[in-house]
Amino acid sequence: MKVAIVGCGHVGLVTGAAFAEIGHHVVGYDSDRAKLEMLGRGESPFYEPGLDELIARHHGANLTFRDNIADALQGAVAAFICVGTPSRPDGRLSLTYVEQATRDITRATDGPLVIVEKSTVPVHTAQRILAVLREEGKFPAIEVATNPEFLREGSAVRDMLQPDRIVVGIAGNGETESVLRELYSPILEQTGCEFIVTDLETAEMIKHASNSFLAMKVSYINAVARLCEKVGANVDAVVRGMSLDPRIGPHHLFPGVGYGGSCFPKDVANFIAQAEEFGVDLSFLDAVRRINSEQREVLVAKVKHALWNLEGKMIGVWGIAFKPGTDDLREAPAIDVIRAMEAEGARVRAYDPAAGPVAKAELPRTEIVADAQTAIEGADALVVMTEWPEFRDADLSRVRETMRRPVVVDGRNIWPVETMAELGFTYYSFGRPDVAAGEIRKTTG
Ligand code: NAD
């Protein structure tokens with residue numbers, strides 16, 4: 001089947017490459033010329049594990065790119081809108097790019113075509129797309145469907161090819177459902193994952209309800225971690241004790257510096273704003289947001305507690321990306337934390353396995369280095385911001401020898417407290433006992 005992708009960013013490019021992998025003919029279009037040029041050369045504009053291999057395998061054959069939307073739509077059965085939906089100051093999502101993409105598609109073709117809304121959008125956006133189709137006299141030759149995306153950066157290729165579920169919202173036409181079912185059929189056959197068909201609003205709601213719930217789990221356990229520190233409990237054991245209850249489960253209960261990225265912060269804000277518009281109180285999600293942003297301040301406070309004054313101190317930072325497996329810096333906690341430590345007078349040397357080069361523009365005062373060891377040479381403290389596997393697996397004895405002072409503030413709880421104590425570190429993490437010069441101390445009061 002021939003598929004057009006409109007907006008070739010993290011979602012669009014991975015979606016397109018995965019569709020090419022399962023045998024479809026994919027043509028990508030993006031309004032960003034520089035991005036299109038890179039894609040035209042077969043290069044990915046961002047880092048995502050497994051993506052380069054898919055592009056190399058299909059580029060120029062099943063996966064091509066055009067700088068003209070009408071060419072991209074030629075013969076396509078479906079056009080996936082994968083453009084950005086950034087946050088506005090009032091928390092609502094900006095839908096300017098979605099409208100632009102809708103109008104560009106509608107003007108460039110008479111159909112038959114299904115416009116598939118894959119960007120994360122507020123409920124009722126598909127109805128607005130439908131209104132444009134009617135206004136332009138293109139409905140029902142052009143139909144609309146919603147197909148929210150649940151991929152996670154860092155495992156996006158796997159998530160696209162082996163999804164937990166595929167959600168499709170349709171406006172009552174069985175043919176639209178058939179097009180989407182057929183497009184996804186290789187994945188459905190291979191994985192047996194559920195294909196959930198709903199109306200347009202319900203599919204849009206599933207995405208928001210899911211993301212806000214996940215964000216809530218993160219802030220919930222972070223609040224519990226704070227209380228653990230006050231009462232002298234250990235959050236690791238609390239999480240273990242909770243997660244064996246199948247009603248709770250082990251996922252997304254990782255205490256630390258909190259979530260970032262291009263989705264949770266903006267999607268939670270949007271969910272609150274949209275509920276408010278309809279007179280429904282989701283203000284408990286305000287606490288989720290507040291707790292999450294406070295975690296960054298809590299981490300900086302731990303660094304100050306560890307080092308007393310930051311003025312003139314050298315701090316090595318491991319990890320800048322908002323999570324492992326990506327070079328995405330959108331809403332990355334490390335950016336705020338590094339800026340705050342620099343504002344206090346610290347010199348920061350940072351390393352990230354993927355995001356180093358892109359971080360230079362965001363962090364002009366920070367020395368970005370090419371390996372983990374260099375980041376901590378002569379450092380007064382190491383601050384862990386992203387749980388990349390190479391940090392988890394680091395030779396901690398060597399770390400201790402390299403640093404000027406063996407002080408570690410761990411924003412992701414990646415090492416056992418006992419190990420850090422045995423090695424003689426001073427070690428601060430989230431919701432667990434502190435280690436002061438190799439001695440484990442319950443943090444009460
Ligand atoms: P992105 O910024 O990486 O990519 C968006 C792309 O759309 C850019 O390349 C931009 O140039 C292009 N674009 C903007 N307007 C256009 C237009 N009118 N025509 C053609 N191209 C246009 O964004 P992303 O991370 O891929 O996110 C896209 C959407 O998917 C957002 O709504 C996001 O919330 C949602 N989403 C993202 C993720 C994720 O992990 N990144 C996961 C699920 C859902």
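A polar side-chain atom of Lys266 lies 2.6 Å from an oxygen atom of the ligand. This is a polar contact, meaning a pair of N or O atoms within 3.5 Å; within protein, one must be able to donate a hydrogen and the other to accept it, and residues adjacent in sequence count only if both atoms are side-chain atoms. The model is predicted: local features need pLDDT of at least 70, side-chain atom pairs count only at pLDDT 80 or more, and totals for chains, interfaces and linings use all residues. Residues are numbered from 1 along each chain as its sequence is written, and side-chain values use heavy atoms, with hydrogens and water left out.

**Around the ligand**

- The ligand has 27 residues around it, and Asp30, Lys35, Thr85, Glu153 and Lys266 come nearest. A residue counts as near if one of its heavy atoms lies within 4 Å.
- Ser31 places a backbone N or O atom 3.2 Å from a nitrogen atom of the ligand.
- A polar backbone atom of Thr120 is 2.9 Å from an oxygen atom of the ligand.

**Helix α11**

- Helix α11 spans residues 264-277. Helices (H or I, at least four residues) and strands (E, at least two) are DSSP runs, numbered from the N terminus.
- Its 14 residues reach 20 Å from first C-alpha to last, close to the 20 Å expected at 1.5 Å a residue. The expected span is 1.5 Å times one less than the number of residues.
- Is α11 mostly covered or uncovered? It is mostly covered, with 12 of its 14 residues buried. Buried means under 20% relative accessible area, exposed over 50%, and partly exposed in between (1.4 Å probe, protein chains only).
- Lys266 is one of these buried residues, and Phe264, Asp267 and Phe271 are also among them.
- The buried residues of α11 pack against α9 (200-231) and α12 (284-307).
- Just after α11, Gly279 takes a positive phi of about 75°.

**Strand β4 and its partners**

- In strand β4 (residues 78-81), Ala78 and Phe80 point one way, Ala79 and Ile81 point the other way, and all are buried.
- Strand β1 (residues 2-6) runs parallel to β4, joined by 4 bridges. Two strands pair if DSSP finds at least two bridges between them.
- Val3 has Ala78 as its bridge partner in β4.
- Strand β5 (residues 113-117) also runs parallel to β4, with 4 bridges.
- Ile81 stands opposite Glu117 in β5.
- From β4 the chain crosses through helix α5 (residues 96-108) to β5, in a right-handed β-α-β crossover. Right-handed means that, with the strands pointing away from the viewer, the path from the first strand over the helix to the second runs clockwise.

**Strand β10 and its partners**

- Why is strand β10 (residues 347-351) largely enclosed by the rest of the structure? The reason is that 4 of its 5 residues are buried.
- Strand β9 (residues 314-318) and β10 run parallel, joined by 5 bridges.
- Gly316 stands opposite Arg349 in β10.
- The chain passes from β9 through helix α13 (residues 333-343) to β10, and this β-α-β crossover is right-handed.
- Strand β11 (residues 367-368) runs parallel to β10, with 2 bridges.
- Ala350 stands opposite Ile368 in β11.
- Another right-handed β-α-β unit is made by β10, helix α14 (residues 356-362) and β11.

**Thr426**

- Thr426 lies in strand β14 (residues 426-428).
- Thr426 counts as buried because its relative accessibility is 16%.
- Beyond its neighbours within four places in sequence, Thr426 is in contact (heavy atoms within 4.5 Å) with residues including Pro406, Val408 and Val435.
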